[in-house]
Amino acid sequence: MTLSCIALVVTLLLFQVRGHLNLSEDDNIPKEWVLLHVVQGHIGAGNYSYLRLNHDGRIILHMRSLKGDADIYVSDKTLRPSFDTYKLQSVTCGQDVVIVPRDFVRPVGIAIYGHPSYKESEFEMRVFYDQTVPQDPFDKGSYTSEDGQPSKSPQAADGDIQEEESILWTILIGLLKIILEILF
C-alpha cells in the first residue's frame, strides 16, 4: 500500500514538473529543425522590441508569451516593422509562430510588440533553421564548400562591384576635368 502511494506521488510530481518545463511543446518541434537562438525578454504595453535576423534559409520563429501577450511582426523591407508596416505577423494570445521564407532579403527585421491590454509581457522566442528545405545550388551568391556546407560566394557582391565602378567613374571624371582645364 505504501509503495503504491509513493509511486502515485512520484507520478503526480513528474506530471507537474513536465507541465512547468513545457516538454509537450518541445515534442512538437520536428527533428529536422536546428535551434539557432533562444531570446527571452520583457516588453511594456504598446511598445516594440526589435531584433535582426541575418541567417539564410527558411527560419521558424517560435514564440510563447510567458506573461501577458507579445506579438511578432516581420519584414524584409524595414528593420523596424510595426502593425502598420510588416510582411508576416502572428498575433495570437498564446503561441506565435512565423515562418520566414528563404527568399526574404536579409537582414530581416523582427518586432516583438507588447499588447496594450497587459502592463508588461514576458516572452521566450526560439529561432529554428529548417533543414528540410533543399538549398538551390544555382542560387545567386551561394555555393557548397568542400565539406558540403552551404557558404557565401567568395566573389564580390553586386553592391561592391557598383561601388568600385562608382570610384572609377569619379577618378575618370576628375582626370577629364583636369585635362579640360589645361586645354581651355
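Two strands count as paired if DSSP finds at least two bridges between them. β2 and β7 qualify, with six bridges in the antiparallel sense. The model is predicted. The protein chain holds three helices and 10 strands. Two open sheets of four strands are described below, one ordered β2-β7-β4-β5 and the other β1-β8-β3-β6. A serine in β5, Ser90, has a side-chain polar contact with Asp96.

**Overall make-up**

- From the N terminus, the elements run α-α-β-β-β-β-β-β-β-β-β-β-α.
- The protein chain has 184 residues, and 25% of them are buried.
- Its exposed surface comes to about 12900 Å². Carbon and sulfur atoms supply 59% of that area.
- Take the contacts between residues at least 6 apart in sequence: 75% of them join residues at least 24 apart.

**Sheet β2-β7-β4-β5**

- This sheet is open, and its pairing is antiparallel.
- Its edge strands are β2 (48–53) and β5 (88–90), each pairing on one side only.
- Neighbouring strands in this sheet are turned by 20 degrees against each other on average, direction ignored.
- β4 and β7 run antiparallel and are joined by six bridges. Ser75 stands opposite Gly109 of β7.
- Strand β4 (residues 70–75) also pairs with β5, over three antiparallel bridges. Here Val74 has Leu88 of β5 as its bridge partner.

**Strand β7**

- Strand β7 spans residues 108–114. Seven of its seven residues are buried, so the strand is largely enclosed by the rest of the structure.
- Val108, Ile110, Ile112 and Gly114 point one way from β7. Gly109, Ala111 and Tyr113 point the other way. Residues on both sides are buried.

**Sheet β1-β8-β3-β6**

- This sheet is also open, with antiparallel pairing.
- β1 (33–44) and β6 are its edge strands, and each pairs on one side only.
- Its twist averages 20 degrees from one strand to the next.
- Eight bridges join β3 to strand β8 (residues 120–130), and the two run antiparallel.
- Strand β3 (residues 59–67) is joined to β6 by six bridges, again antiparallel.
- Met63 takes part in both pairings: its bridge partner in β8 is Met125, and Met63 stands opposite Asp96 in β6.

**Strand β6**

- Strand β6 covers residues 95–100.
- Its covered face carries Asp96, Val98 and Val100.
- Its uncovered face carries Gln95, Val97 and Ile99.

- Ser90 lies in strand β5.
- Ser90 has a relative accessible area of 8%. The cut-off for buried is under 20%, so Ser90 is buried.
- The side chains of Ser90 and Asp96 are joined by a polar contact of 2.9 Å.
- A polar atom of the Ser90 side chain lies 3.4 Å from the backbone nitrogen of Val97.
- Leaving aside neighbours within four places in sequence, Ser90 is in contact with Asp71, Ile72, Asp96, Val97 and Val98.

Notes:
Residues are numbered from 1 along each chain as its sequence is written. This is a predicted model: local features need pLDDT of at least 70, side-chain atom pairs count only at pLDDT 80 or more; totals for chains, interfaces and linings use all residues. Side-chain values use heavy atoms; hydrogens and water are left out. Axes are lines fitted to C-alpha atoms, for helices over the stretch in contact, and angles run from 0 to 180 degrees between N-to-C directions. Buried means under 20% relative accessible area, exposed over 50%, partly exposed in between (1.4 Å probe, protein chains only). Contact means heavy atoms within 4.5 Å. Accessible areas come from the Shrake-Rupley method with a 1.4 Å probe; for residues, only the protein chains shown count as cover. A polar contact is a pair of N or O atoms within 3.5 Å; within protein, one must be able to donate a hydrogen and the other to accept it, and residues adjacent in sequence count only if both atoms are side-chain atoms.
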